[in-house]
Amino acid sequence: MTNRNRFRVQDVIADRELADSIQNSISTAISCRFVHLPTKRSVSHVFTRSLNASIRDIDNHPRGVLLRRLLQFGPHSPIGTEKFWDKGKERLSDPECVQCVNFIFFHLVNRFKGELAELLALKPCIQLLSELREEGKLSTDIQLFWGETIEEPRRIHNSAETASIRYKGYAKGADGLMLVLPTGQLTPSIQPAICGVLEIKSMPVSVTRISRQISKHIKRLEGGVRLNGVPMDTQKLSEKSIYRVIVIPSQWKLSRKWKWIDNNDTREMDYYERIIPPRPTRIEEISPRFWKITLSWSREALEEVAYEMTFRYMAEIGMHIFKKHGKMSQWEMAHPDQAGFNAIKEALYYLMLREITIFQSHRTKKLYNIYSYGYPVGVDAKHMLRPEDLDTMQMV
C-alpha cells in the first residue's frame, strides 16, 4: 500500500466520495502559499507520507515483528494447553497474540483514522484562516504549519519544591500552528509570533478536553519551537490572544443495509447504500478566538476506511513474507496478498478459542467480524459471526 511510487487516493480508499474529499483537501493545501506541509510535491506524495506515518517497520519494530510472525506462524493450536513459547520457536504465545491485537486495534486503526481526519481538516482550516485574513483579524504574514513540520520542547520539572521548568529536546507538537513570519523565512534568529493552535480529532471529543490540550501546547511553546527542523525562540505568549481551532468529525452513522451478490459460484456481500454526508463541513466561532470545525465526514466513515486500510496492510505483510521467506505453508495455494488476508482471519479465529480475558476476546471478535464481513455488519456484532448468521440477518 505504501511502497508504490505513485497512486491515486482512489486506489487506496474504496469510497469514491471520501477519496475525492481527501484529494481535494490536499490539493487545496498544496496550492496555498501560506501552508507548510512536510511535503508539497504532489497529492500522492502527501497522502503516501501520511499513511507511512501510521505504519511501523515490520522487520525491525518489536510489534511489527510479532505481527509478521502472527501471519506466518499463527497462535498455538486452539485445542492445545501450552500458553508460553520457548525462544527458539516462532509460533506466538497467547500474550503475544493479544499484543498484536492491541497493536492493530489501538495503534494501526487509530493512527490511520487520525491521519485521514488531518488530511480532511486541511481545506476547512485554510478556509477559516483566509477569511480571518480578509477580515483583518489575522496578519497577511500569517503562516500555517502542519503535522510533522511542528515540534515542541519537552517540559521538565526540576523539582516539586521549586516547581521551576526547563526544556530538553523536542517532541511532536500540535496538529497545526498559526504564526506570523514577516520574511517568510525560517531562521534561528527570527522569533515568530504564535497566534493560533489547531487540534484535530478523529472522534467526537468535548470542547473542554481539547481546550485543555491546547493550553498544554501553549505552555510548551513558551520554550520555543522547531519548524521543519529549524529551532527558534518564540515571542512572549498570551493565552487570551491566541486563536484556538478544534476539528472533529460528524456523528452520523453508516448504513447497515447490504445484500448478497452472485459472482459465478460464490456469493459476495454488497453494501449497496453508500451514504453521502448529510451536511457540509461547518465552521463556527463558539467563543471569542475559539473556533470549532465539524467535518462533513463522520467518525464511523473514517473508522470504516481505517479498518479497510489495516486489512490491506495485512496483504502487504503477506507479500513481504512471500518475497522474503517463501509461501506460508498453510496458504500455499493462495496468492500472496490473499494469504495475508486469510492468515490474519485464521489467527484471530484461533485466538478466540484460546484462554484470554473477556476484554481481549471482545477486541479479537470485533477485528475478526469486521475483517470477515465488513465494518457495518461487524462493528455491532456481540459474538463471533458465522456464515449462517448472515442468512438470519438477511431474513430480519
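Are Tyr 307 and Tyr 375 buried or exposed? Tyr 307 is buried, and Tyr 375 is buried too. Buried stands for under 20% relative accessible area, exposed for over 50%, and partly exposed for the range in between (1.4 Å probe, protein chains only).

This is a predicted model, where local features need pLDDT of at least 70, side-chain atom pairs count only at pLDDT 80 or more, and totals for chains, interfaces and linings use all residues. Residues are numbered from 1 along each chain as its sequence is written, and side-chain values use heavy atoms, with hydrogens and water left out.

**Stop 1: the aromatic pairs**

Rings of Phe, Tyr and Trp (its six-membered ring) pair if their centres lie within 6.5 Å; planes under 30 degrees apart are stacked, over 60 edge-to-face, and the rest tilted. The count comes to 6 aromatic pairs. Select Tyr 307 and Tyr 375. Their ring centres are 5.9 Å apart and their planes stand at 40°, so this pair is tilted. Tyr 307 sits in helix 7 (residues 299-325) and Tyr 375 in helix 10 (residues 375-378), so the pair links distant parts of the chain, 68 residues apart. Helices (H or I, at least four residues) and strands (E, at least two) are DSSP runs, numbered from the N terminus.

Next, pick Tyr 349 and Tyr 350. Here the ring centres are 6.0 Å apart with planes at 50°, so the pair is tilted. Tyr 349 is partly exposed, at 29% relative accessible area. Tyr 350 is partly exposed, at 29%.

**Stop 2**

Switch to a cartoon view. An open sheet of 7 strands runs in the order 1-2-5-6-9-13-12, with mixed pairing. Strand 1 (35-36) and strand 12 (282-287) stand at the edges with a single partner strand each, so one side of each has no neighbour in the sheet. Two strands pair if DSSP finds at least two bridges between them.

Walk through the sheet:

- Strand 2 (residues 142-146) pairs with strand 5 (residues 176-180) in the antiparallel sense, over 5 bridges. Ile 142 has Val 180 in strand 5 as its bridge partner.
- Strand 5 and strand 6 are also antiparallel, over 5 bridges. Met 178 stands opposite Gly 196 in strand 6.
- Strand 6 and strand 9 (residues 243-250) pair in the parallel sense, over 5 bridges. Leu 198 has Val 245 in strand 9 as its bridge partner.

Colour strand 6 (residues 193-200) by accessibility: 7 of its 8 residues are buried.

**Stop 3: the cores**

A nonpolar core is a set of buried Ala, Val, Leu, Ile, Met, Phe, Trp, Tyr and Cys residues joined through side-chain atoms within 4.5 Å. Which residues touch the most other members of the largest nonpolar core? Of its 87 residues, these are Ile 13, Ile 22, Leu 67 and Met 178. Helix 5 (residues 94-134) gives the most to this core, with 21 residues.

Centre on Ile 13. Leaving aside neighbours within four places in sequence, Ile 13 is in contact (heavy atoms within 4.5 Å) with Leu 18, Ala 19, Ile 22, Phe 47, Leu 116 and Val 305.

**Stop 4: the cysteines**

A disulfide is a pair of cysteine sulfur atoms within 2.5 Å. The structure holds 0 disulfides. Select Cys 97: its nearest cysteine sulfur, that of Cys 100, is 6.3 Å away. Cys 97 is buried, at 1% relative accessible area. Finish on Cys 195, buried at 12%.
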